[in-house]
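User: I would like to learn how to read the overall features of a protein model. Could you take me through them one at a time?

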Amino acid sequence: MVIAWVAIAVAAVLASGPLDDVRVTSGSSMLARGAESARVLDLLAKQSGRVVPALVVYERPGPLQRADIRAARQDLRQFASVPDVIGMASAPVPSADGRALQVTVLLSGKPGVLVSPLVERLRQIAAEGSPAGLISHVSGAGGAAADYVDSFRRVDGTLLALSLAVVLLVLLAVYRSPVLWVIPMLAVVVAYLCSAAAIYALARSGLMTLRAATPEVFTVLVFGVATDYALLLVARYRERLRATADQAAALKDALSGGIRTVIASALTVAGGVGCLVVADTHALRSIGAAAAVGILITTAVMVTLLPALMLLGGRRAFWPSTPRPGEVARDGLWRGVAGFVGQRPRLAWAGSALLLTMLCMGLTTLDTSGIPPSSLFTMRTDSVAGYDALRRHYPASAPVVVLARQDKSAAVERVVHEAEGVVAMRPGPPAPWRTFDVVLAAEPNTPDAQRLVEDLRGAVRGAAGGAALVGGFTTELLDVQKAVLDDAFLVVPLILLVVGLILVVLLRSLVAPLLLMGTVVLSFAATLGLCSALFTQFLGYPVVDASFALYAFVFLMAFGIDYNIFLMARVREEAVRLDTREATLHALRATGGVITAAGVVLAAAFFVLTVLPLVPVVQLGLLVAIGVVIDTVVVRSFLVPALAHHMGRRIWWPARATS
């Protein structure tokens, strides 16, 4: 078994490549199916090819000089000679204060054309031709897209190295053995290599599309989940080694309950995140599909390769803390926690619920209106510097594209010219769908921009009905926000249904699944409230994307139920021979340490996402990390066992208690 999996992993590495190589970042890849801005992109691609505007801004601390204007015009001629640069939207436009120039360069957005190298070439030309004291930046949709893609490429290797380091450090801290950590570490690495190769193959064949931060989330998710399952199975094996001298029998006993728990957990997590595939938003479907496939493959590796490695290592792998038959486990901390829960169950669950409810008060600070492009990065990228320069010298501007059928173009041109907030309009040449490049007086992805886009769409529909569409960079951001909210109304109930059904089958009860899901929903609300206050008051992230809350719900719901399964499956197992209340306390003592260690691994894995210089990804990493800690420390240690102890055998209704 070991040789087979190692051979598969080696073959997987040789046959695949970096996931970033199959990431899709152009066209309508980030939009929702059926979104109006996506239809605009499709029509432009069929008619004349998609255009990505890049704003080149020149800035001088003092008044512009004649040499500055000459240099900008010279740059325009060089820009035009760059392959896949379609043209210029205008000559250099000076600012009202006479300290800046602005040029709009139109880049090709056809499939296969990479925006990042184009933008890098524009930046190089602008920097080389600038007189002393004149500073240039490339911003706009093109500049932001290039910085977005480059931010992933710069840190993917770091992310993988940090994920490995986190797993190694936690394993060393948990096992305190110079040998034992090698067994789960090898299984975790093989699980990652095999699952990553499968995702690469699916993406390369066109059966799956990787978008946005899917490769990064996939990496930390697989490392975290694989390590969690390794900790659970190794802990069960060590427990059985203390009960019998036969290593093979100990492993068989450990796997009889452990694999069932791992498979139930994997189905819950994969089913939960897999519900994202029904979403209309492309990025949500991408993460859902990749995560579900990765978890299933990881589970297959962990329930086959890891037991084989444990049998090879045997009792000696635990040196110097070698488990001996008849040895009593040292679980003083969790014996004390179980004692408190058993003596004061009402205080334990009421106090935990009150604490979580108080944290929910932070939800009053939550703002899901969306992150504007100027605040998208945690570091000062060139596109952000360009946005800042534009704000200093020009009125706020949000680019929009209006398409109108030729027979309706005159009416559409008239209403666009009269619409509120339109500061510039440039009609394109006659075509079956005539193009109007429009600029609105707002920054993209802000409430002002959303209001102006909605007003413009209303005016255009009134003039031409379905014969006119409003798209472009600004509306793409708005359509993504709206689609995510629509997806939430579909995905959230579906996740609750899928997870609930899995729990009913596993626990053979209706009361226990409802109770467990209620605690996880409360934990999620508390985490979101705490993190919203943290982002607003301390980290300077006053707004979040609507997709942020949905991602957070999906992951925290799946992981919260995951740890519930670790605990309650053991309670159900012990309830065969013990009263439910005693079974709960015994399960808490037996699983408290491994669940806490698993939570630390998963929290640390998602915290690694904070190395990415993208605010939404940093927010997601922090929220999931904090949420997992709250879930393992408060919910799984006190709230759930206290409720189970308080309810006793009634928690298994309608099934008849076995004792």
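**Reading the fold**

User: How many of the residues of the protein count as buried?

Analyst: Buried means under 20% relative accessible area, exposed over 50% and partly exposed in between, with a 1.4 Å probe and protein chains only; of the 659 residues of the protein, 56% count as buried. This is a predicted model, in which local features need pLDDT of at least 70, side-chain atom pairs count only at pLDDT 80 or more, and totals for chains, interfaces and linings use all residues. Residues are numbered from 1 along each chain as its sequence is written, and side-chain values use heavy atoms, with hydrogens and water left out.

User: What radius of gyration does the protein have, beside that of a compact globule?

Analyst: The radius is taken over C-alpha atoms, and the globule rule is 2.2 Å times the number of residues to the power 0.38. For 659 residues that rule gives a value near 26 Å, and the 28 Å of the protein agrees, while the C-alpha trace spans about 90 × 45 × 45 Å along its principal axes.

User: Which strand is joined to β9 by a hairpin?

Analyst: Strands (E, at least two residues) and helices (H or I, at least four) are DSSP runs numbered from the N terminus, and the protein has 11 strands and 20 helices. Two strands pair if DSSP finds at least two bridges between them. Here β9 (residues 422-427) and β10 (residues 433-440) run antiparallel and are joined by five bridges, with a hairpin of five residues leading from β9 to β10; Ala424 has Val439 of β10 as its bridge partner.
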